[in-house]
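Please read this short briefing alongside the sequence and the 3D view.

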Amino acid sequence: MQKKGYFITSEGPEGAGKTTVMNLLGERLIDEGYEVVMTREPGGIMISEKIRDIILNNEHTMMESRTEALLYAAARRQHLVEKVLPALAAGKIVICDRFIDSSLAYQGFARGIGVEEIWAINKFAIGDTMPEKTLLFDIDPAVGLARINAHKEREKNRLDVENLAFHQKVRAGYLSLVEKYPERIQVIDASQTIENVLDETYVIIKRELEIIR
Ligand SMILES: Nc1ncnc2c1ncn2[C@@H]1O[C@H](COP(=O)(O)OP(=O)(O)OP(=O)(O)O)[C@@H](O)[C@H]1O
Ligand SMILES: Cc1cn([C@H]2C[C@H](O)[C@@H](COP(=O)(O)O)O2)c(=O)[nH]c1=O
C-alpha cells in the first residue's frame, strides 16, 4: 500500500500512554493493510534489550549520567542498523516507542548533560536518520506517575523512581524540543481518555501517510 518507508516515534513522560495508544494505532494500520513494525527503545532487538536491562536495573545506582547517555546511544545504534533501517528500506512503517528525543529530554535536560553534548554522541549513533513524525504525548508527570503507580504489578525501573522534579524537567525539556522542531514534533494532550488520544493520533498519522502515498 505505502510507497516508501515511514518512521514514526512516540515520546513523552512516564505513564503518558504512549505504549498503549501506539499499539492500538499499529493494530489499526495493520488492519487497513499497512506493513507496520512496532518496536521500542532502548530495546527492540537482543543486544539492545540487554543494554536496556543494564541501564534500567534498579541496583545500578552508581551509574553516572554520561555512562547512561552513551549506553542509550549504543542501544540506539544497534537497533537502528539491525531493525529500523532494514524495515524502512523494505517500505514499512516503523513505529518506535522513544528515540533520540528521549535522550535529549532525559539526559540532555533532566540530567543536565546539555542538549549539544547529547546531539553529538547521537549524531555518531544515528547519522542522518531522523523520524518523519514524532508524537509527543504530553502529560503532567504527577498524573503519569500516578497511572503507573496504580498498577502495582508494573515493576518500577531506575528512571521511573527518579523524583517528581526530575520528571518535570523531562517534560519541560520535551516542550522546548517542540519549539525547536515544530514541523516534526506534534503534541497530543495525553490527559484525555485512551479513545480520544487514539483518535487524535490516528488522524495525524493517516494524514501523513496519505501525503506520502
Ligand atoms: N489516556 C489514559 N487514561 C488513563 N490511563 C491511561 C491512559 N493511557 C494509558 N493509561 C494507563 O496508564 C498506564 C501507563 O500506560 P503506558 O504504559 O501506555 O504509558 P507509557 O507512556 O508507555 O509509559 P512508560 O514510558 O513509563 O513506559 C497503563 O496502565 C495504561 O493502561
Ligand atoms: C530511549 C531513552 C529512554 N530513556 C528512559 C525513559 C524511560 O524512563 C526508560 C524507558 O522505559 P519505557 O518504559 O520503555 O518508557 O528510559 C532515557 O532516559 N533516554 C533515552 O534515550
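How many residues surround ligand 1, and which are the closest? The shell holds 14 residues, the closest being Glu14, Gly17, Thr19, Thr20 and Arg147; a residue counts as near a molecule if its C-beta atom, placed from the backbone, lies within 6 Å of it. This is a predicted model, in which local features need pLDDT of at least 70 and side-chain atom pairs count only at pLDDT 80 or more, while totals for chains, interfaces and linings use all residues. Residues are numbered from 1 along each chain as its sequence is written, and chains are lettered from A and ligands numbered from 1 in the order in which they are written.

**Ligand 1**
- Two or more residues of this shell come from each of helix H1 (18-31), helix H6 (141-150) and helix H8 (194-212).
- H1 contributes the most, with 3 residues.
- By type, the shell has 4 nonpolar, 7 polar and 3 charged residues (Ala, Val, Leu, Ile, Met, Phe, Trp, Tyr, Cys and Pro are nonpolar, Asp, Glu, Lys and Arg charged, the others, Gly among them, polar).

**Ligand 2**
- The residues around ligand 2 include Glu14, Arg40, Tyr72, Arg98 and Leu159.
- Helix H4 (residues 100-110) gives the most to this shell, with 4 residues.
- The shell around ligand 2 divides into 4 nonpolar, 3 polar and 4 charged residues.

**Overall fold**
- The chain has 8 helices and 5 strands, which are DSSP runs numbered from the N terminus (helices H or I, at least four residues; strands E, at least two).
- For 213 residues a compact globule would have a radius of gyration near 17 Å, and the 16 Å of the chain agrees; the radius is taken over C-alpha atoms, and the globule rule is 2.2 Å times the number of residues to the power 0.38.
- A UniProt annotation (unreviewed entry), "domain: Thymidylate kinase-like", covers residues 11-199; such annotations may be inferred rather than shown by experiment.

- UniProt (unreviewed entry) places a "binding site" feature at positions including Pro13, Glu14, Ala16 and Gly17.
- Pro13 counts as buried because it has 26 C-beta neighbours inside 10 Å (buried is 20 or more, exposed 12 or fewer, partly exposed in between).
- Ala16 is also buried, with 27 such neighbours inside 10 Å.
- Beyond four places in sequence, Ala16 is in contact with Phe137, Ile139, Gly144 and Ala190 (contact means C-beta atoms, placed from the backbone, within 7 Å).

Key:
Two residues are in contact if their C-beta atoms, placed from the backbone, lie within 7 Å.
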